[in-house]
Structures are given as C-alpha cells and as structure tokens.
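Here is a short report on one protein chain. Look over the sequence and the 3D view before reading on.

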Amino acid sequence: MAKYCRQEGCRSLIEKGQYCEDHKRKHKVAKRYYSKNKAFYKTDGWKEVADFVRYRDKYKCTICGKPVFGRDSQVDHIKPIWLNPNLRLDVNNLRLVCAKCHPIVEYRPLTQNESNLKKSFDPSDYF
C-alpha cells in the first residue's frame, strides 16, 4: 500500500520505508543526548517561552540565519541551566539555533569548578 513521504511538505507516494528517494537519509541520525532537565522542558512555562523565542527570532537560526522549523528548531540557553538556574525562563538568556549550530555554540564548562558544578547539578532542587 502506497503512503506519503514523511518529509514535511513532500507529496511523493512511496511503497516502502519512510522517505522518497529525494528525501532519503544519507547518513545515520546523530545520537540523541540525555538531559537531566527533561522534566523542565515538558512544562507549560518552558513551552510558552520557547514559542516566544521562536517568534522573536523570526524562526531563523541566530547563528547561521537558516530558517528552522520542527525538530531543527532548538531554543538554546546562552548561560546553561546548571550554571544559573534562575535564568532558565529568561528570554534574554535564550536564542533560537538550528540543530547543526547548537553543538557548536553550546556552552561548555571552562574550569574544573564549572565541570564539577555541572556534574553535581540536580534539577529537582529547582523545579
């Protein structure tokens, strides 16, 4: 039984698989990362703020300028939650980035003290 390609906006019919020849994945999908803050990212407060940031940034990556939608649209904390939990919903601490730019601009611990802070961060203390 024929079905539509899963690529957003594509109307090609395919017999098997998920994507048509034009949209077939050329490489393996990168490993998904575990986040201690998973529960936080499911809250209504986060969803509202993230939607606002997407609208504010006009659905374009603030790094490369590429239009982003769906899973490619990622709202990034400039100062991460583990470094300053009070800024987790501050719109001035958030930016819209694409999935390609996110690992490049993601904040990494600069000192051993920050590294220890990241390892010991417990989200249940804050939300």
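## Salt bridges

Start with Lys66. At 38% relative accessibility, Lys66 is partly exposed. Its side chain meets that of Asp72 in a salt bridge, 3.1 Å from N to O. Keep in mind that this is a predicted model.

How many salt bridges does a search of the whole structure find? The search finds five. Another of them joins the side chains of Lys24 and Glu21, at 2.9 Å from N to O. Lys24 is partly exposed, because its relative accessibility is 43%. Glu21 has a relative accessible area of 62%, so Glu21 counts as exposed.

Asp57 and Arg56 also meet through their side chains in a salt bridge, with 3.1 Å from N to O. Is Asp57 buried or exposed? Its relative accessibility is 15%, so Asp57 counts as buried. The cut-off for buried is under 20%. Arg56 is partly exposed, with a relative accessible area of 31%.

## A positive patch

Now turn to the surface. Which residues gather there in a patch of positive charge? They are Lys3, Arg6, Arg25 and Arg71.

Lys3 sits in strand β1, which covers residues 3-4. The relative accessible area of Lys3 is 41%, so this residue is partly exposed.

## Aromatic pairs

Five aromatic pairs occur in the structure. One of them is formed by Phe40 and Trp46. Their ring centres are 5.4 Å apart, and 50 degrees separate the planes. That pair is tilted. Both Phe40 and Trp46 are buried.

Trp82 and Tyr107 make another pair. Why is this pair called tilted? The planes of the two rings stand at 55 degrees, so the pair is tilted; planes under 30 degrees apart would count as stacked, and over 60 as edge-to-face. The ring centres of Trp82 and Tyr107 are 6.0 Å apart.

Trp82 has a relative accessible area of 10%, so Trp82 is buried. Tyr107 is partly exposed, because its relative accessibility is 23%.

## An aromatic cluster

Together with Tyr41, they form one aromatic cluster.

Terms used. Residues are numbered from 1 along each chain as its sequence is written. This is a predicted model: local features need pLDDT of at least 70, side-chain atom pairs count only at pLDDT 80 or more; totals for chains, interfaces and linings use all residues. Side-chain values use heavy atoms; hydrogens and water are left out. Patches are made of residues with over 30% relative accessible area and no salt bridge: like charges are joined within 9 Å, nonpolar side chains (Val, Leu, Ile, Met, Phe, Trp, Tyr) within 5 Å. Accessible areas come from the Shrake-Rupley method with a 1.4 Å probe; for residues, only the protein chains shown count as cover. A salt bridge is a side-chain nitrogen of Lys or Arg within 4 Å of a carboxyl oxygen of Asp or Glu. Lys and Arg count as positive and Asp and Glu as negative; His and the chain ends are not counted. The place of a charge is taken as NZ of Lys, CZ of Arg, CG of Asp or CD of Glu. Helices (H or I, at least four residues) and strands (E, at least two) are DSSP runs, numbered from the N terminus. Buried means under 20% relative accessible area, exposed over 50%, partly exposed in between (1.4 Å probe, protein chains only). Rings of Phe, Tyr and Trp (its six-membered ring) pair if their centres lie within 6.5 Å; planes under 30 degrees apart count as stacked, over 60 as edge-to-face and the rest as tilted.
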